[in-house]
Amino acid sequence: MGAKLKHFIESQQLNKPLIDSLFKTARSFDFNSEYDVLKGKIVALLFYEQSSRTSNSFKSAAQRLGAKIIGTENAKEFSSVAKGESLEDTIRVFGGFAHGIVLRHSEEGSAKRAAEVSRRPIINAGDGRGQHPTQALLDIYTIKQEIGRLDDFSIAFVGDLAYGRTVRSLCYLLGKFDGVDITFVSPENLRIGTDIKDYLTRHGVNFKESTKLDEVLPKADIVYVTRIQKERMAIEDYEKARGLYVINQKNLGLVRREARVMHPLPHVEEIDLPVKIEETDERIAYFRQAENGMYVRMALLSHMLR
Ligand code: CP
């Protein structure tokens with residue numbers, strides 16, 4: 001097993017032995033069973049930004065492991081932050097209440113700031129346009145489950161690659177595997193950042209940018225689609241980018257039978273498929289991906305808080 005994580009702030013912290021160990025643990029959990037791995041522990045969830053999947057999969061994960069949960073959904077409005085309390089003070093206070101803190105915040109770098117003052121493990125559940133490392137972990141878990149390997153595969157990232165933190169975190173993680181081939185497909189104003197490109201170059205990962213989705217889809221093992229992050233950009237940028245790259249019934253026909261379409265969700269207009277196709281087409285993996293998040297977060301909580 002890899003070294004124990006004290007805090008989990010960015011996906012680069014993971015290494016292959018730790019990933020293997022977490023995946024083994026994640027696979028051991030069964031939907032209908034209860035566990036007492038974290039009996040007697042309390043997990044605090046502090047969400048300063050909206051969430052459905054991350055907050056509730058962490059809640060479900062903690063409770064399934066026997067832990068109790070505290071915290072607040074809309075921390076910006078319903079915590080003492082509304083009275084002007086700093087993030088650092090909130091984290092120091094919650095360290096007296098809980099054994100670990102799961103934090104989502106709209107500011108990039110907030111999870112790192114929290115970790116610097118926290119006596120309890122901090123898990124970054126998304127920090128602005130920075131990172132979403134538990135999403136990256138569940139994403140590679142899903143890739144492994146769906147296509148059976150994490151080396152020697154091709155992945156097309158489609159959509160908002162400038163503000164989508166899940167793509168950033170996943171690229172950092174893919175840098176740890178061999179033979180990964182990446183194609184970035186995005187509107188001109190939402191291209192992948194040079195920091196990610198530099199990282200991939202340093203780690204010997206093959207990547208290119210393309211504007212031709214129809215040429216990219218037939219070659220990809222994984223098509224990873226992202227929502228245009230309207231909330232993080234000027235309205236003109238959003239209007240310029242929306243609707244340019246959409247997965248619909250016509251171009252789904254270009255995706256190979258054994259390939260998979262993933263999405264961190266929520267999806268809006270960038271996926272334009274009938275519910276029936278989403279439910280029956282094996283290539284559509286994003287709802288399985290969301291469920292995987294719970295098992296992966298169970299494994300992570302077991303690893304960090306036991
Ligand atoms: N994928 C994801 O982070 O979803 P939520 O914003 O609903 O947590």
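Reader: How many of the residues of strand 3 are buried?

Author: The structure is a predicted model, in which local features need pLDDT of at least 70 and side-chain atom pairs count only at pLDDT 80 or more, while totals for chains, interfaces and linings use all residues. Residues are numbered from 1 along each chain as its sequence is written, and side-chain values use heavy atoms, with hydrogens and water left out.

Six of the six residues of strand 3 are buried, so the strand is largely enclosed by the rest of the structure. Here buried means under 20% relative accessible area, exposed means over 50%, and partly exposed lies in between, with a 1.4 Å probe and protein chains only. The covering applies to both faces: Gly-100, Val-102 and Arg-104 are buried on one side, and Ile-101, Leu-103 and His-105 are buried on the other. Strands (E, at least two residues) and helices (H or I, at least four) are DSSP runs numbered from the N terminus.

Strand 3 has a partner on either side. With strand 1 it runs parallel, joined by five bridges, and Leu-45 has Val-102 of strand 3 as its bridge partner. Strand 3 also runs parallel to strand 4, here through four bridges, and Val-102 is partnered by Ile-123 in strand 4. Two strands are taken to pair if DSSP finds at least two bridges between them.

These pairings belong to an open sheet of four strands, ordered 2-1-3-4 with parallel pairing. Strand 2 (68-72) and strand 4 (122-127) are the edge strands, each pairing on one side only. From one strand to the next, the twist averages 15 degrees. Strand 1 (residues 42-47) pairs with strand 2 in the parallel sense over five bridges, and Thr-72 of strand 2 is the bridge partner of Leu-46.

Helix 13 (residues 286-305) lies across strand 1, strand 3 (100-105) and strand 4, running at about 140 degrees to strand 4. Such angles run from 0 to 180 degrees between N-to-C directions, and axes are lines fitted to C-alpha atoms, for helices over the stretch in contact. Contact itself means heavy atoms within 4.5 Å.

Elsewhere, helix 4 (residues 87-94) and helix 5 (residues 110-117) pack at about 50 degrees, with their axes 9 Å apart. That angle makes helix 4 oblique to helix 5, since under 35 degrees counts as roughly parallel, over 145 as roughly antiparallel, 65 to 115 as roughly perpendicular, and the rest as oblique. Leu-87, Glu-88, Ile-91 and Arg-92 of helix 4 meet Ser-110, Arg-113, Ala-114 and Val-117 of helix 5 in this contact.

A second open sheet has five strands in the order 7-6-5-8-10, again with parallel pairing. Its edge strands, strand 7 (206-210) and strand 10 (260-262), each pair on one side only, and the twist averages 20 degrees from one strand to the next. Strand 6 (residues 180-185) and strand 7 pair over five bridges, with Ile-182 opposite Phe-207. Helix 7 (residues 165-174) lies across strand 5 (153-158), strand 6 and strand 8 (222-225), at about 160 degrees to strand 5.
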